[in-house]
Amino acid sequence: MADQITRVVIVGGGSAGWLAAGIIAATSPAHVQVTLIESPDVAPIGVGEGTWPTMRATLQTIGVSETDFFRECDASFKQGSKFSRWTSLSKDDDYYHPFTPPAKYHEINLAPFWVPFKDKIDFANAVCPQAAICDLGYAPKQITTAEFGAVLNYGYHLDAGKFAPFLHKHCVEKLGVNYISANVTAINSHENGDIKSVTTNTQGEIVGDLFVDCTGLSSMLLGKHYDVPFISQQNILFNDSALAVQIPYAEGADAIASHTLSTAQTSGWIWDIGLQSRRGIGHVFSSRYTTDELAERELRHYIAPSVGEKIAQELPVRKITFNPGHRETFWHKNCVAIGLAAGFIEPLEATALVLIELSAKMIAEQFPANRSVMDIVAKRFNATLRHHWEQIIDFLKLHYVLTKRTDTEYWRDNCLASTIPDSLHELLALWKVQSPWLYDEMLREEMFPSASYQYIYYGMKAITDVTGVSRSIGSGKHLHDKKLRKAEALFMENAQHIQQLKKVLQPNRELIEKIKQYGLQTI
């Protein structure tokens, strides 16, 4: 076919470019050749140190060894996120969003049966063992568990600066990706407006059929060349700045947390991610509500107990600014944007890398056979990605609108009705009388399944009126009693499961050291 798509040109490296290259090269049709052009002069931003469990399937699909990944990317296990002081200023205000869904989630909704006991046990601990395992600092698997296998669902924490070179080597050596180190100096078009080629400063003209924009916040192809509008979401999600710092462990054998810790501040929140050799910590905040100086003061105050006041004041801090939002469309003509080139909201819930994975996976699995059908594929892609972005905005905003904090203007304004999307307004109204569950999922592959909404909603002390619980679980006293007995049994089994896992799992660092020394069993 004259218009067959055979040449994919990815402009930009980093985590976005190399993940896209790996996924497309490994899973698209055999005749497709992938070329990646990376500027030697542009340093990657290095955000995205947390992943979703999807990354396990991604690494396995592209043929990466999980043992090598741990050894070379300073990686550790991530079993979810712990949120502190998001609901109130109380020191014991915290809850988990674990990666493992509630027990038998697709068979029974346990939330209505938990509500009557909400003052005795928090939701995550009632329905899932993972929060308790995270509190202990234990890993989600054993050394005898095969690569990418799990006892409890998990993703990773990783060093983004090491992850991209790791993927680079694998993609070039194992997947046949053609690598070009050069700066793109011009973008050349066909008469129909498609991109024909890009001109580089050292390798001349690189011709392609499909161009993937992974040029970060500059969005060189989709944003600058095609002038696709950017839709800011700062009226909904206020944060636009981050201060990042890396701190050493006090002792070489310090425990490594197996979850991301997110601690709310006066005008934002602080992330805390444990890698093998260091912790990555950063303060995400809104410049509209605080200053860089005050934000830095809060960040240094947070790290002082770990490293001492003197070191806390001396550690270098890097500032990152961003406009929270996304492009109006993500695939235009023969150009599709992935990663920061498509958009960025904020690092809450680690959506950056999973969006890259989902985007590249959809490109590969729906790969346009020829130019004639590309616009159809692009239309589907745009509709799906727009849904994902809208869901991300709703889900992240949920963390803010459920707060009971009124200590600063930042938290008060986050609860203003005018800052809440209509779609989230509807969900909040619905969840007052019926629990989040499967019917809230619109796509086969949602960014955030309804279980995630349950963990946030009930973790932040929101209430569902379950006086009419029989309406949501089936009519008739017999069916109600049957489901009640099943729920009670699952609550008991979860408590027993926690005790069993305590005996067979081990601290995060201990397992990681064993993986580095002995390796995991290959599948």
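At what angle do H1 and helix H7 (residues 160-174) pack, and how far apart are their axes? The two helices pack at an angle of about 30°, and their axes are 9 Å apart. This is a predicted model, in which local features need pLDDT of at least 70 and side-chain atom pairs count only at pLDDT 80 or more, while totals for chains, interfaces and linings use all residues. Residues are numbered from 1 along each chain as its sequence is written, and side-chain values use heavy atoms, with hydrogens and water left out.

- Helices (H or I, at least four residues) and strands (E, at least two) are DSSP runs, numbered from the N terminus.
- Axes are lines fitted to C-alpha atoms, for helices over the stretch in contact, and angles run from 0 to 180 degrees between N-to-C directions.
- H1 and H7 are therefore roughly parallel to each other; angles under 35 degrees count as roughly parallel, over 145 as roughly antiparallel, 65 to 115 as roughly perpendicular and the rest as oblique.
- The crossing of H1 and H7 is left-handed, a term used if the near helix is turned anticlockwise from the far one by less than a right angle, with right-handed used if clockwise.
- From H1, Gly14, Ser15, Trp18, Leu19, Ala21 and Gly22 meet Ala160, Phe163, Ala164, Leu167, His168, Cys171 and Val172 of H7; contact means heavy atoms within 4.5 Å.
- The contact of H1 with H7 has nine nonpolar, four polar and no charged residues.
- In these classes, Ala, Val, Leu, Ile, Met, Phe, Trp, Tyr, Cys and Pro count as nonpolar, Asp, Glu, Lys and Arg as charged, and the others, Gly among them, as polar.

- The crossing of H2 and H11 is left-handed.
- Here Thr54, Met55 and Thr58 of H2 meet Leu353, Val354 and Glu357 of H11, and the residues of the contact divide into three nonpolar, two polar and one charged.

**Two buried residues**

- Asn125 is found in helix H5 (residues 123-127).
- Asn125 is buried, with a relative accessible area of 19%; buried means under 20% relative accessible area, exposed over 50%, partly exposed in between (1.4 Å probe, protein chains only).
- The side chains of Asn125 and Asp122 are joined by a polar contact of 2.8 Å.
- A polar contact is a pair of N or O atoms within 3.5 Å; within protein, one must be able to donate a hydrogen and the other to accept it, and residues adjacent in sequence count only if both atoms are side-chain atoms.
- Ser262 lies in strand E14 (residues 260-264) and counts as buried at 2% relative accessibility.
- The side chain of Ser262 makes a polar contact of 3.1 Å with the side chain of Trp86.
- Ser262 and Arg85 are 177 residues apart along the chain, and their C-alpha atoms are separated by 8.8 Å.
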